[in-house]
Amino acid sequence: MTSVFKFLFRVLGYACIAIAIVAGISDASSSIALSQVVLQPLGKLLFDLFPDSFPILQPAIERHIHPALWDPGILTVLTWPVWAFFAPLGLLFLWIGARRRRQTVQFA
């Protein structure tokens, strides 16, 4: 059963790394085309993907979880570039799902 979870973590890790690479290439090509640094924030991407449900995220978190979680925590993460969020997340998932190698004892 543990190997299934490790497999799922590896798949999630590779998916997050792929998203980070695509977002990094997109930011780099936009930066080259406009001759200035362009980094798409995570909040803008989530708003573009979920225009109806994203605006109700703040009141839901402040009302049901804790008001202080939104302003310093989630709001800061939403200003990060997309690749800067998904790359460490993917590496974390890959680290959790890594196959552990058994050490074999070698006698001389």
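Aspartate 48 is partly exposed, at 45% relative accessibility (buried means under 20% relative accessible area, exposed over 50% and partly exposed in between, with a 1.4 Å probe and protein chains only). The structure is a predicted model, in which local features need pLDDT of at least 70, side-chain atom pairs count only at pLDDT 80 or more, and totals for chains, interfaces and linings use all residues. Residues are numbered from 1 along each chain as its sequence is written, and side-chain values use heavy atoms, with hydrogens and water left out.

Aspartate 48 forms a salt bridge with lysine 44, the closest N and O atoms being 3.1 Å apart (a side-chain nitrogen of Lys or Arg within 4 Å of a carboxyl oxygen of Asp or Glu). Lysine 44 is likewise partly exposed, at 46%. Both residues belong to helix H2 (residues 42-49) and are four residues apart, about one turn of the helix; helices are DSSP runs of H or I with at least four residues, numbered from the N terminus. A search of the whole structure finds one salt bridge.

The largest nonpolar core comprises 11 residues, among them Cys16, Ala20, Trp70 and Phe86 (buried Ala, Val, Leu, Ile, Met, Phe, Trp, Tyr and Cys residues joined through side-chain atoms within 4.5 Å). At least two residues of this core are supplied by each of helix H1 (2-34), helix H4 (67-78) and helix H5 (82-96).

Valine 11 lies in helix H1 and is partly exposed, with a relative accessible area of 42%.
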